[in-house]
Amino acid sequence: MNQNKQAPIGVFDSGVGGLTVAREIMRNLPSERIVYFGDTARVPYGSKSKEIVLKYSRQIVRFLQTQNVKAIVVACNTASAMALETIREEIDIPIIGVVKPGAKVAAQTTRNKKIGLIGTRGTVSSELYPAIIHEYDPRIQVIGQACPLLVPLVEEGWLKDEVTVEVAKRYLNPLLEQGVDTLILGCTHYPLLRSLMRQVAGDGVTLVNPAYETAQALRELLKEHGIENDGHEEEEFPYRFYVSDAEERFQEFAGSILPYDVRMTKQINIEEY
């Protein structure tokens, strides 16, 4: 394990959605450096098999290890659900995903024990969120809803468009009709739709943002291993971005949502790892 406190955090996702996790890390752990990888050539993961998601995740972890990261955040709900536990056993670097932090907070938040979960087909069908939630309280009912149209709408920039509102209503209404009082935004793109989801779900439903909760869990993980960065030297570019395709489009999207001017994104051949 890399004990260098100045070493970066590795963050990866199937594409651009994990930037919402990187954003929360930047906001909540400003002393930490980040190496981000977005697998933009092979997105989406949500419709792929567990074997393929595990293969891709292993390649990305091997790449991040070449960057001498001290910890890894799997900023992808599908990869967290399908690959995290296997990879945790294979490496000696502390690693966390986005599912458990969000599931824990949702279990602690619900009042009527009815939680809605929206995500990709892979995340919802994995049943990982209900499994973790039931560790906290087996009486909680988790109602899942795959929302495959939301990711392309986010990536198109239609965050407040009437079309996106109608699609969100179509997906959320079955959950609301069943009386959920807590809703997990179980895809890293969805925090960008937070205000729209609030509008559709109403004030009586608590929204759980796993991206924020993951940043808090990362803080605890770094403390636990004694590797939190206690004030790095000021550097011009503390965040590095890599993709497997379409670096210009990625950089444009990243620049629109991050509290940081993304100066450079580098494309690499992830199949080499």
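Trainee: How do helix 1 and helix 12 (residues 247-257) pack, and what makes helix 1 oblique to helix 12?

Mentor: In this predicted model, where local features need pLDDT of at least 70, side-chain atom pairs count only at pLDDT 80 or more, and totals for chains, interfaces and linings use all residues, the two helices pack at an angle of about 45°, with their axes 10 Å apart. Angles under 35 degrees count as roughly parallel, over 145 as roughly antiparallel, 65 to 115 as roughly perpendicular and the rest as oblique, and therefore helix 1 is oblique to helix 12. The axes are lines fitted to C-alpha atoms, for helices over the stretch in contact, with angles from 0 to 180 degrees between N-to-C directions. Helices (H or I, at least four residues) and strands (E, at least two) are DSSP runs, numbered from the N terminus.

Trainee: Which residues of helix 1 meet which residues of helix 12?

Mentor: On the side of helix 1 they are Leu 19, Thr 20 and Arg 23, and these meet Phe 250, Phe 253, Ala 254 and Ile 257 in helix 12, where contact means heavy atoms within 4.5 Å. The residues of this contact divide into five nonpolar, one polar and one charged, given that Ala, Val, Leu, Ile, Met, Phe, Trp, Tyr, Cys and Pro count as nonpolar, Asp, Glu, Lys and Arg as charged, and the others, Gly among them, as polar. Residues are numbered from 1 along each chain as its sequence is written, and side-chain values use heavy atoms, with hydrogens and water left out.

Trainee: What makes helix 1 oblique to helix 11 (residues 210-225)?

Mentor: Helix 1 and helix 11 pack at an angle of about 50°, with their axes 8 Å apart, and that angle makes helix 1 oblique to helix 11. Thr 20, Val 21, Glu 24, Ile 25 and Asn 28 in helix 1 meet residues of helix 11 including Ala 211, Tyr 212, Ala 215 and Leu 218, and the residues of this contact divide into six nonpolar, four polar and two charged.

Trainee: And why is helix 5 (residues 99-109) called roughly perpendicular to helix 11?

Mentor: The axes of helix 5 and helix 11 come within 8 Å and cross at roughly 105°, and it is this angle that makes helix 5 roughly perpendicular to helix 11. Pro 101, Gly 102 and Val 105 of helix 5 make the contact with Pro 210, Glu 213, Thr 214 and Ala 217 of helix 11, a set that divides into four nonpolar, two polar and one charged.

Trainee: What is a nonpolar core, and which members of the largest one touch the most others?

Mentor: A nonpolar core is a set of buried Ala, Val, Leu, Ile, Met, Phe, Trp, Tyr and Cys residues joined through side-chain atoms within 4.5 Å. Of the 58 residues in the largest one, Leu 19, Ile 25, Val 73, Ile 118, Leu 218 and Phe 241 touch the most other members, and helix 9 (residues 162-177) gives the most to this core, with six residues. Apart from it lies another core, of 26 residues, among them Val 53, Leu 54, Tyr 56 and Ile 93.

Trainee: Which peptide bond is cis?

Mentor: A cis peptide bond joins Val 43 and Pro 44, with omega about 0°, and Pro 44 lies in the loop between strand 2 and helix 2 (50-66).

Note on methods:
Buried means under 20% relative accessible area, exposed over 50%, partly exposed in between (1.4 Å probe, protein chains only).
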